[in-house]
Amino acid sequence: MKIVTKQQHIKGVAKAWYNRYKLPTYYKSIQAPEWEEREGEEGRGEVYNKLKALENPTVEQIDEIIGDSRWTRLECSECRLDSPALVYLGGFHMCGACLRKMADEYDQHVLASEGGTV
Ligand SMILES: [Zn+2]
């Protein structure tokens, strides 16, 4: 379990972009592109260079370079809202409000049904 803040998340966007779209070097031997490209979009290598050049990236700067907010959102697995921080639990990412709600439900339903004191 770990907590990831929005600031930590957006600092990792350039690296995540690289890991997602940079093609392995062995493809270069057959004159294939360095980046996995998509027709009609700006070159992903160009986007990466712009992302990498940001010293203290902001959400707005990254969204403008990429063209949408998919890479800067911290989306809660439960409520789907963009959150200032998430708790990573295995494959789930949960916001504070959802965690508190679950803890309350746990107290109310599970412990109460066992006759325990909360
Ligand atoms: Zn949530």
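This note describes the domains, the sheet and the helix packing of a predicted model.

1. Basis of the note. The structure is a predicted model, in which local features need pLDDT of at least 70, side-chain atom pairs count only at pLDDT 80 or more, and totals for chains, interfaces and linings use all residues. Residues are numbered from 1 along each chain as its sequence is written.

2. Domains. The chain is assigned domain 1 (1-73) and domain 2 (74-118), with bounds that come from an automatic or database domain assignment. Their C-alpha centres lie 31 Å apart. Between them, 8 residues of domain 1 are in contact with 9 residues of domain 2; two residues are in contact if their C-beta atoms, placed from the backbone, lie within 7 Å.

3. The side of domain 1 that touches domain 2. In contact with 9 residues of domain 2 are 8 residues of domain 1, and the elements giving two or more residues to this side are β1 (2-5) and α1 (6-11). The largest share, 4 residues, comes from β1. By class, this side has 3 nonpolar, 2 polar and 3 charged residues. Here Ala, Val, Leu, Ile, Met, Phe, Trp, Tyr, Cys and Pro count as nonpolar, Asp, Glu, Lys and Arg as charged, and the others, Gly among them, as polar. Helices (H or I, at least four residues) and strands (E, at least two) are DSSP runs, numbered from the N terminus.

4. The sheet. An open sheet is formed by 3 strands in the order β1-β2-β3, with antiparallel pairing; two strands pair if DSSP finds at least two bridges between them. β1 and β3 (92-94) are at the edges with a single partner strand each, so one side of each has no neighbour in the sheet. From one strand to the next, the twist averages 30 degrees.

5. Strand pairing. β1 pairs with β2 (residues 85-89) in the antiparallel sense over 4 bridges. Within this pairing, V4 stands opposite L86, and the bridge partner of T5 is A85. β2 and β3 also run antiparallel, joined by 3 bridges, and L89 stands opposite F92 in β3. The hairpin of these two strands has 2 residues between them, and G90 takes a positive phi near 60 degrees.

6. Helices α2 and α3. Helix α2 (residues 13-21) packs with α3 at an angle of about 160 degrees, and their axes are 9 Å apart. Axes are lines fitted to C-alpha atoms, for helices over the stretch in contact, and angles run from 0 to 180 degrees between N-to-C directions. The two helices are therefore roughly antiparallel, a term for angles over 145 degrees. Their crossing is left-handed, meaning that the near helix is turned anticlockwise from the far one by less than a right angle, whereas clockwise gives a right-handed crossing. V13, A14, W17, Y18 and Y21 of α2 make the contact with R44, V47, Y48, L51 and K52 of α3. This contact has 8 nonpolar, no polar and 2 charged residues.

7. Helices α3 and α4. Helix α3 (residues 44-53) and helix α4 (residues 59-66) pack at about 165 degrees, with axes 10 Å apart, and are therefore roughly antiparallel to each other. α3 passes α4 in a right-handed crossing. The residues in contact are V47, K50 and L51 of α3 and I62, I65 and I66 of α4. By class, they comprise 5 nonpolar, no polar and 1 charged residues.

Terms used: Angles under 35 degrees count as roughly parallel, over 145 as roughly antiparallel, 65 to 115 as roughly perpendicular and the rest as oblique.
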